[in-house]
Amino acid sequence: MKNKIKFLGNGDEMFKGEIHFSAPSGNDYTLCGLTLDMDTKTCGDFENTSEKVNCTKCQEIVDYCKSIRKTW
Ligand SMILES: [Zn+2]
């Protein structure tokens, strides 16, 4: 499944090695709202990955969605 991306580190250093879910609508953002426009002044380039997501914001959004589903 191509729903995870890893920042390669040619943008701001703080994003290097972060693994996020990509947004389900396929727009140019991660699930947690970071830009995927490959701008080296912000998040930089990325690649698809099968590694585990290490972004706590993405994980919190997934947990939140699961909690909604229980009450649907
Ligand atoms: Zn994220």
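The model is predicted, with local features requiring pLDDT of at least 70 and side-chain atom pairs pLDDT 80 or more, while totals for chains, interfaces and linings use all residues. Residues are numbered from 1 along each chain as its sequence is written, and side-chain values use heavy atoms, without hydrogens and water.

**Exercise 1.** Determine which atoms coordinate the zinc ion and what geometry its site has.

*Solution.* 
1. Donors are N, O and S atoms within 2.8 Å of the metal (3.2 Å for Na, K and Ca). His-20 (ND1), Cys-32 (SG), Cys-55 (SG) and Cys-58 (SG) coordinate the zinc ion at 2.0 to 2.4 Å.
2. The angles among the four donor atoms are 98 to 123 degrees, and the site is tetrahedral (all angles between 85 and 135 degrees).
3. The donor residues follow the spacing H-x11-C-x22-C-x2-C. Distant parts of the chain are linked by His-20 in strand S2 (residues 19-21) and Cys-55 in the loop between strand S3 (46-48) and helix H1 (56-70), 35 residues apart. Helices (H or I, at least four residues) and strands (E, at least two) are DSSP runs, numbered from the N terminus.
4. His-20 is buried at 1% relative accessibility, and Cys-55 is buried at 9% (under 20% relative accessible area, 1.4 Å probe, protein chains only).

Definitions and conventions: Tetrahedral: all angles 85-135°; square planar, octahedral: opposite > 155°, others 65-115°. Buried < 20%, exposed > 50% of the residue type's maximum accessible area, 1.4 Å probe, protein only.
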